[in-house]
Structures are given as structure tokens and as C-alpha cells.
Amino acid sequence: MLGRALDTWWEELGRPDPYVVVDAGTGPGTLARQLAAVEGPSAAARTVVGYDHADEPPELSGAVVLANELLDNLPFRVVERTEWGWVEWWVDTGPAGPERRLVRPPSGGEDAAAEPAGSVAAALDALDPPLPVGATAPVLERAADWVADVVARGAARVLVFDYGAATTAELARRGGWLRTYRSHERGEDPFREPGRWDITTDIAVDQLPPPAVVTTQAAFLREHGIDELVEEGRRAWAAAAARPDLRAMRMRSRVNEAEALLDHDGLGGWLCLRWG
């Protein structure tokens, strides 16, 4: 599906050659390798680059940048509403182990690092009805900076898939946005065995530079023809079901894969954000 999208954008961008596609936060490089190999009209011009978000990014002018589950992994801050206003979570490591410490933002703005957290808190304070004491919200400075930097470097398209919501207020009201994972299992307490769990956050779109397009993963996949490919898979399986070969089994798997990718209560409901 991403290959089809890349072909569409290649046409829209005037068929550049080379056509640079960047997989940001690439991990082991699986997606980058697959995108380099996928066939299509843009394949001959396509150059796929994978890089870890902590490294210096490659030249991005005119490039298409893809980021799948990257923004939720970038460091974030946490604010909590208390009886005396919004405060920030910090972490103390004492004899009893890591524990949360609440820190009031400084008055007068003497600490520049506290200002972004303060601006998010001010927006949350303006909600009517107000959020209750104990409500928490993420502050996504690093995620916002990453998007702004990639756009400023001249990327022609930036496509992000991640879990989240349209607004910080929505995350604060529903809770559950602070996530811990290990070996594909969900954890509960971010202070339990620190350093041995991934700690991630749901993304709030209103804290990022405004995207040109905000949709869902399901809508993106349907825009680029996933239903057509699933129907092709059904026909191929029906024709070969009596004596299925490996290709027939792969075509059959499209049906189950698509159901998972399009599920609005799961992956299908994920955010799909595009800049450019």
C-alpha cells in the first residue's frame, strides 16, 4: 500500500529522479528494504534511505519521509492537574527506587525549558468544563520539533502513522495515554523496573505543526486501493483453493491482514498525518 502511495506522489511531484524515500526511526530496516524492492512506476527512480531518529538525517530536500510509530517513542514530559494548578512530573531515584515527584512550574518564566509545558497547561486550564484534579497530559516537545525540523529541511511529503487523538484535552479526559511495553506485552506502572520497558505516549495532533491531512490508517489504505487488492486475493484463492501453492496462500492472507489493518478499534483507527 505504501508502494502505491509512493507511486502516486512521484507523479504529483513531477517524476523526480532520484526519488528519495526516507524511513525515519528505521530500526532493523525491514520497511526500508521492502520499500526499496516493491515494484511500481517509481521503482527505477526510487532510492530508499533508513535512518535512526537520533542520527543526523540525510538530505531531505524534495524527499518523502515516512515515520511509523516514531513520534510516540520520542521523549516527552508529563503534566498533572493538582489543587494548586498544573505541575510537571519529574523522577527521583532514592533508596526505595524511582518515584514520581511533582514540580511546580517556575513563576516569571525564568526557566525557558518550562515554558512549553506551561503553554499546554494554560490551554488545558481554559477548558470548560475544567479537567478534574489528577488529570494528566503529555507534553510533546520533541515530537513537534522533529516534525518542524523535517519540514524545514524541505521534505516534499511527511507521512506519520501513530496512535493518538486530535487534542491534548481528549487524551487527558480519557486517560490511558501513558503506555509501557516489553516483548509485545503491555505494562502498567512506568516506575516499575525502569530501563527495562519501552515508555511511549499517545500523540496529540494539536501539539504538532498543523498537518495538511489528518485521517486514519484505514482511510489512507482505502484511498490507495486496499479493497481492490483484497478482492484480487479472494479471487486468486478461490481459483487455487483445491491445490493451493505458496502464491495462493499469500493471496489468501491478504484478507486477514486487511481486516487487522482496517479495524477502527485497532490499527485502522490509528492516526495518519501528512505534511506537504
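Let's start inside: the residues lining the largest cavity split into five nonpolar, one polar and no charged (Ala, Val, Leu, Ile, Met, Phe, Trp, Tyr, Cys and Pro count as nonpolar, Asp, Glu, Lys and Arg as charged, and the others, Gly among them, as polar). This is a predicted model, where local features need pLDDT of at least 70 and side-chain atom pairs 80 or more, while totals for chains, interfaces and linings use all residues. Residues are numbered from 1 along each chain as its sequence is written, and side-chain values use heavy atoms, without hydrogens or water.

The lining is made up of Leu2, Leu31, Leu66, Ala67, Asn68 and Phe161. A cavity here is a set of points on a 1 Å grid over the protein atoms alone where a 1.4 Å probe fits but cannot get out, and lining residues have an atom within 4 Å of a point. Strand β3 (residues 64–68) gives the most to this lining, with three residues; strands are DSSP runs of E with at least two residues, and helices are runs of H or I with at least four, numbered from the N terminus.

Now find β3 in the open sheet, where six strands run in the order β2-β1-β3-β8-β15-β14 with mixed pairing (two strands pair if DSSP finds at least two bridges between them). β2 (46–51) and β14 (213–216) sit at the edges with a single partner strand each, so one side of each has no neighbour in the sheet. β14 runs antiparallel to β15 (residues 271–275), joined by four bridges. Look there for Val213, which stands opposite Arg274 in β15.

Definitions and conventions: On a 1 Å grid over the protein atoms alone, a cavity is a set of points where a 1.4 Å probe fits but cannot get out, and a pocket is an open set with protein on both sides within 12 Å along at least five of seven lines; lining residues have an atom within 4 Å of a point.
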